[in-house]
Each structure stands twice: as structure tokens, then as C-alpha cells.
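Thank you all for coming; I would like to take a few minutes to walk through one structure. Please keep the picture in view while I talk.

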Amino acid sequence: MVAPELTLAAPGPSGARGPRARFAHTGIVLAAGWLALLTISALAAIAGAGADPLANDYEAINEPPSLAHLFGTDSLGRDIFSRSMHGAAASGLVALLTVVLGGGVGILIGVLAGLVRGAVEAFVGFVTDVTIALPSLIIVSAVVTLAGPSILTIGLIISAFTIPLFARLARAVTLSIATENHVLVARTLGASGWRILTREVLPAVLPLMMPVLMTTVAGAIVAEGALSFLGFGLRPPEPSWGALIAQGRAELSTASWLTLFPALMICITILSVNVLGEHFREASR
Amino acid sequence: MTAFPATESTAPDLSAPILSVRELTTTIHTRGDARAVVENVSFDLVRGRSLAVVGESGAGKSMLIRSLLGVHAPGVDARVRGSARVMGVDMATADAFERRRVLRESIGMIHQDPLRSLNPTYRVGTQLTESRAFGNQRPSRRSLHRRAIEAMAAVGFRDPVREARLLPHELSGGQRQRIGIAAATLNEPALLIGDEPTTALDVTVQKRVLDLIDEMRERTGAALLLVTHDLAVAAERCDDLIVMRAGSVVEAGPTLQLLTAPEHPYTRALIDAIPRLDGPRTRRLCTPTEGNLS
């Protein structure tokens, strides 16, 4: 009897990546780089760097992109690059509120519901079901109309609507993690509920929530842009990406840069956030 | 009239049971249904003795352990009657704070699946220090780390400083279970509970792990409550035996007596089910010429 030959594929050199992995890695670097650059630029703009986004310059009306005005100027001679950076700050605030309020509160509520179970879980389930069923865009528009258009109001109301989404997902993940052996072991060692929450459950839940967090942040930025575009966001002359696109719409055929650059900023930012979200999803598998 | 001289009243009574279980009954409630999974179980376990709980899968062995610890899976509506006193504290009626104190100070538990018992995201050294960082008395991080390293050395790790930095998946099954033993014995508990601690291990590693548990017990004088479906392990390692079936104790007594002269048919069936090398073969092995090896 002859033993069958078994041929094993030779392992590649240590650390070698396939073309797909290399492409993905480049994408992650570019996405993270873009978001870092945007954050620094927006912070610098808020700190006063660059041109005043509200200053009119009647000698530079509707100028196309140049070295003096990288993204060109609008019909009042305002610098579109500076206005876009201030718009990035507005979008960044909405994203931050979504992470802190929507993600933070939502995940905490969901994890507590999944751990405590019983009446708490039933109550959280009922509230999330009701909230998800509400027509969010109409309510956001109404609240902004009543409370007045400020980026804080818009950010708070958008992020409040993401709380049920996070709560529901975090609860489902917690139900699975809470039954895992290492959590039971911690309980048999005498760990308190707080310690189980902070050391055993939350560290396991958070990586699984990261892809959803990134997708929701992208959605919140788009929602802010859409609200501003529809006129429910920041009022002119305050800059936001959606408002810039809306203002440039009337002059799309003569001064396309008024719409093009803010739209590109939204597209690249959303793409970057989604690329990072996909990376987190892959990493958490 | 007192049972003991006055001079002995402050010394611990070594004959007093560390674990005393009386008519423990656990009922699992589901929607419109209630089922007793542990029924009227009573036994005592004193310092230095070892007691095995044996029975087939589903006999209620693990549920017995969970009931006497007061730790059930989340979402399980388990209602416990009777009493389970650990060092005098009734775990069935104690408040959560007192129960956690007893779990921290008096009980060490070795679990079945060494991989799943360890948190996959923390290094094993961290998990050992974490395991004793609960409660009000919090030793310094440095002293906890030193104790964790000592505990790892005590269970046979050759380079505990380096190995403490490894993640659970980087250890073998036997090493992981040794970490489990180190965690369980770090506080030198009076009661050591093993819930099928060697089921997931091969026979050679199983022997080393059981030897290690015996060594730790000899050093600390802890009592051992060993849950196993392996009658051979129970026979070799434990002084007393409880045989469980469908949540109830069908027979109990000293191991040697129970294995040599079993009274209950179920105990006899369990003993008869142990595979023997010198026993009759129930299945004829095929020879190479009969099979399809060519």
C-alpha cells in the first residue's frame, strides 16, 4: 500500500498581503488620512485660520478656483474653501453628537436592557419600537422650525433618533455575550454587576457596534446636509455643506464650483466613514 | 453545657461542614411550565474531604452547582428552595452583596471549557489579577501581579512572567485549564468546585490537571466538590460519591463502598458502562483484508 502524497501549499513570505488586502489597506489609510485632514482643517478654520467665511469681497464675485481661492468664490465674493471648512465643522459636530449621544446613550441602554432583562428589557424594547416607527424627518423639521435653526439643535435631534437603533442592536449583542462562559466565570468569582458590565460585556459589545456607529455617523452627516438643503438647517449666511449646495444650485450652469466642492466634500467624507466602518466590521468578525 | 471547651471556642471548628446542602430543590419556570431540575438534594462536605457528583448528561449535576452558588444563566427563571450553606452563609437566601463576598473569599471554581472560560480579549495574567481584584479589599496592582505570577508558577508554568502576557488562544488546552486552576486557588478558598474540569482534555493532560488539583488541595486543605460524568475519575480522586439521576440523588456514600457494592440499579448500570481493557468486546475489529484498505 502506498501512502498518498500530500502536498501543502508553500506559505507566502511573512507579512505578505494579496492584492485585495493591499487595496483595502490603502483604502483605510486614505480614509483615515482624509478624516484626520478634515478634522484639523475644520478646527483650524474655527480657530480663525484662513479667510472669513462671512466676509463679502465684491471684487471677487463668482471667481472660479484659483491659488487665491482654492474652491472659488460665490456671488458675494465669499471664499468657498473657507465656507466648506466651516461646513465641515458643522458636520463634525453632528457626527460627534451622534457618537456621544446616539452611540453612548443608546449602547448603554441596550447593554443594560440585555443584562438586567425582565421589565427593563420589555420597557426599552417598547420605547425603541415606538421611536423607530416615528417619522423622524418630519419631527426633526418641526423641532428645528420651533426651536430655531442651530447646529446644536439639529445635531441633538438627529442623534436622539439614533439612540433606539443603537439600543436595539446593543441589546441583541448583549443577550449573546451575557451567556458566554467568561461572563459566568466572572459571576462565580464574585464580580459585581458594574464590573461585569464594564470589564466583561462592554469591551465585547463595543467592537461589534463600531461598524454600525460609522454607518450611522455617515447617515447623520447626510441627514444634516439634506435638512440644510431643504431649508430646515442653518440659515444663510451660516455655512454648512447642505446649505452651500442649496445656495449654489441656482448657479449650477454658470458657477458649478459652488455646488461641486461641497458635494465632493460630503461624498469623500461619507465614503471614508463607510470604508472605516467596513474595516471595523471585518476586524470584528 | 457546651459541646466544646471554652478555650476552643475561638478556633475554627474543622469538623463543621464547609458546604451543607439541605433539601435543595431548583425549579425552572418557563411560560406556563415549571420543571424541577434538582430535587431534594442534601449532603455535607467538610474541610479536606472530596465529594464527587456523578451521573449522565442532563442528570442535574451542573444545575446543582449553579443552584448552590446562586449563579444562573441570564434570562433563566430558576427558583431555589431549601438551603445551601457555604461557611455558614445560606447562598439561597443571602443578599447579592453577601453572596458575592462568599464567592470571592470562600469558593474557587474550575470550569469545564478552559478556552471559553477565559475572556478572549484579556491577557491571562490580567485575568488572574482581575479574578481577585473584586470587592472592597483591593490589593495594589503590583501585589496582585506578583501573586498572579506566583500562582502561575505554582501550577507549572516555567516562564510565568512571559506567559502571563499571552492571550488565551495562544495557550494549549492544558495550559488554559492550569490558568483556570490558578484563578480558582489564588485566594486559597475553603471550597474548590470543579464542574467537569477535565472533560475537554485528553487523558494525559487530564491526569496532570487532576494531580495539580490534588496538590493545591493538599497545600490549602480545601474541600473539593467535583462534578463529573467520568466514574473512573470520581473513583480515583474522591472520598465520597453522590449519584444523580433526573435531578435527584439515587445513591450516596463512601466511594469505595458505593463502587464495590452498589445498591441502586442505576449506579450498577453506570459502573457496568465503564469501558474495560480486559472486558468482552462488543464490536469485532475488522482486519485489513476485510476492509477496503488496498
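This is a predicted model: local features need pLDDT of at least 70, side-chain atom pairs count only at pLDDT 80 or more; totals for chains, interfaces and linings use all residues.

**A strand and its neighbours in chain B**

Let me begin with one pairing, in which Val54(B) has Val243(B) as its bridge partner in E9(B). Strand E9, residues 240–245 of chain B, runs parallel to E3(B), and 4 bridges join the two. E3(B) is also joined by 5 bridges to strand E8, residues 223–228 of chain B, and this pairing is parallel as well; here Ser50(B) has Leu224(B) as its bridge partner.

How many of the residues of strand E3 are buried? The count is 5 of the 5 in residues 50–54 of chain B, so the strand is largely enclosed by the rest of the structure. In a regular strand, as you will remember, the side chains alternate between the two faces of the sheet. In E3(B) both faces are covered, with Ser50(B), Ala52(B) and Val54(B) buried on one side, and Leu51(B) and Val53(B) buried on the other.

Turning to a helix of chain B, H7 covers residues 173–185, and its 13 residues should span 18 Å at 1.5 Å a residue, which agrees with the 18 Å between its end C-alpha atoms. H7(B) is mostly covered, since 11 of its 13 residues are buried, among them Arg176(B) and Arg178(B) as well as Ile179(B) and Ile181(B).

Now to chain A, whose secondary structure comes to 9 helices and 0 strands. Its radius of gyration is 24 Å, well over the 19 Å that the globule rule gives for 285 residues, so chain A is more spread out than a compact globule. Along the principal axes, the C-alpha atoms of chain A fill a box of roughly 85 × 60 × 30 Å, and 42% of the 285 residues count as buried. If we take the contacts in chain A between residues at least 6 apart in sequence, 69% of them join residues at least 24 apart.

Finally, where the two chains meet, the contact takes 23 residues from chain B and 21 residues from chain A. On the side of chain B that touches chain A, helix H2 (96–105), helix H3 (114–117) and helix H4 (124–131) of chain B each supply at least two residues, and H2(B) gives the most, with 4 residues. By class, that side of chain B has 9 nonpolar, 8 polar and 6 charged residues.

Terms used:
Residues are numbered from 1 along each chain as its sequence is written. Chains are lettered from A and ligands numbered from 1 in the order in which they are written. Two residues are in contact if their C-beta atoms, placed from the backbone, lie within 7 Å. Ala, Val, Leu, Ile, Met, Phe, Trp, Tyr, Cys and Pro count as nonpolar, Asp, Glu, Lys and Arg as charged, and the others, Gly among them, as polar. A residue is buried if 20 or more other C-beta atoms lie within 10 Å of its own, exposed if 12 or fewer, and partly exposed in between; C-beta atoms are placed from the backbone. Two strands pair if DSSP finds at least two bridges between them. The expected span of a helix is 1.5 Å times one less than its number of residues. The radius of gyration is taken over C-alpha atoms; the globule rule is 2.2 Å times the number of residues to the power 0.38.
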